[in-house]
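Hi everyone, thanks for coming. Let me put the structure up, and then I'll walk you through confidence, packing and charged pairs.

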Amino acid sequence: MSDLTASVLETKNGFHVDGYEKISYDFTFLDGVFDTKNRQLAECYQRWGRVLAVTDMNVYNMYGEQMEKYFEHYNLDLKVHKTKIGEKAKTIPTFLSIVDSMTEFGIYRKEPVLVVGGGLVTDVAGFACAAYRRNTNFIRVPTTVIGLIDASVSIKVAVNYGNYKNRLGAYHAPMHTFLDFTFLRSLPVAQIRNGFAELIKISSCSHLATFDLLDKYCEQLIDTGFGRADGAPNEVRSAADKINREGIHEMLKLETPNLHEIGLDRVIAYGHTWSPLHELVPETPLRHGHAISIDMAYSATLANSRKLLSDEEHHRLLRLFSRAGLSMDHPQFDEDILDKGTQAILKTRDGKLRAAVPNPLGSCTFLNDVSLDELHAALQRHKQIMKQYPRNGEGLEAFVDASDTGYTENNEQEVEALESAAAKAGNLNESMNGNGVVHGGHVVNGHADGVNGHTNGVAEKLANGSAKCLTNGVNGFTNGAKA
């Protein structure tokens, strides 16, 4: 919610306006948000007597019955918009399908839409709320580690467009975010690992005490879904609760003075300088957590080469990535990719590199004066160091599969139709320069620009009766195999 105060002064040639907008929103830690014993969420909708919820079909298939019983218990009518969402379906058609549901529902200006899902769902549905009548309220219930730890902190909402990720978006704060870590019980280990990278990010550059806990309990945190799995030791559960609370608190303290990203030196952008291309270069894209881990590990080697990070701290950080099964290198990470990533991020960061690096561990420095020769030398050194680690620094379950894209309904005709439609809409092949460098690679919510020229989804019936023939998956891959 927000309140605006302003002053208007008459000048010689017109007027001068100073406007100040107060942005206010809440976070509540609540295990069992859809447990009928917990009325906190229902109370947000008592005034309206009804709820429009937006969620993805994976979440609905697992929790839909519980959601329906919860709102029925509190005599609230529930309508659910079920979307097939994944990075490749984070598109304008998906956005419009949500808008159509809002129109059909007859949403009031101040009536909050309930958004349940991972960061991708909250991004798209949040943008629909930002655009609908220019400002419609929403409430977030994130269900993944990245959604709970990272995306929940930001007020950025967006969709992909053309050849770029998060190219169309807004800054739109939810009324309330409910943080329910029991959702992690049903999350695959690969996705727990994926989100673990975000906690390494914030702790290694801003909160050493949290890094110490991640280092101490690494494997147990991943194996037990941050202490939420049945039979998890109380000690691990307690450590996980402290890590989650401190991690979110630290990110909020860093982000809230800069909610609209007016300042471009951002501590939480550690790992997001070169990761946009890491995420997209492989034919089957890397998971976001693995892409930023490669960036963080390389950046740590760069910092160590400059004596900003001691040898002991450097290897302690690399060991944690390795123990967590996160990627620190990739065969396609070479000087060409490094150069292209550098060129792209310079546009995003207004001509400066602004590479966040730990200095020392638990604190952060921004690098702007790094030459290409220094970057190349650090990369070659990093490659040599990786030979000392399991798998030469490659991660476990590093590539996206159906738990990321969500759906496996690919066929060649849909892919061809999709690519044709996307090319007409976004002129995708023209979106990159002759070297294939993505222009203006904007990073939002820890995600990178550029979507390999595809706009994906599934055949989706819209409220206006038209049908969009879209295709889910990543570059035609289903569960890592060519569809």
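The average pLDDT of this predicted protein model is 84, and 81% of the residues reach at least 70; pLDDT is the predictor's confidence in each residue, on a scale from 0 to 100. Local features here need pLDDT of at least 70 and side-chain atom pairs count only at 80 or more, while totals for chains, interfaces and linings use all residues. Residues are numbered from 1 along each chain as its sequence is written, and side-chain values use heavy atoms, with hydrogens and water left out.

Please keep an eye on residues 406-483, where pLDDT stays under 50. The model has 201 contacts beyond four places in sequence for that stretch, a contact being heavy atoms within 4.5 Å. Where pLDDT is low, the predicted coordinates should not be read in detail.

Now, the packing. A nonpolar core here is a set of buried Ala, Val, Leu, Ile, Met, Phe, Trp, Tyr and Cys residues joined through side-chain atoms within 4.5 Å. Buried means under 20% relative accessible area, exposed means over 50%, and partly exposed lies in between, with a 1.4 Å probe and protein chains only. Which residues touch the most other members of the largest core? They are F196, I200, L221 and F226, in a core of 70 residues. Helix α10 (residues 288-305) gives this core its largest share, eight residues. Helices are DSSP runs of H or I with at least four residues, strands are E runs of at least two, and both are numbered from the N terminus. Leaving aside residues up to four places away in sequence, F196 touches V145, L214, C218 and L326, among others. There is also a second, separate core of 23 residues, including Y45 and F178.

On to the charges. The structure has 25 salt bridges, each a side-chain nitrogen of Lys or Arg within 4 Å of a carboxyl oxygen of Asp or Glu. One of them joins R237 and D31 at 3.0 Å, N to O. This pair links distant parts of the chain, 206 residues apart: R237 sits in helix α8 (residues 234-255), D31 in the loop between β3 (26-29) and α1 (40-43). R237 is partly exposed at 30%, and D31 is partly exposed at 29%.

E198 and K201 pair at 2.8 Å, N to O. Both are buried, and they are separated by about one helical turn because they lie three residues apart in helix α6 (residues 189-206).

Finally, D212, D215, E219, R316 and R323 are linked in a salt-bridge network. Thanks, all!
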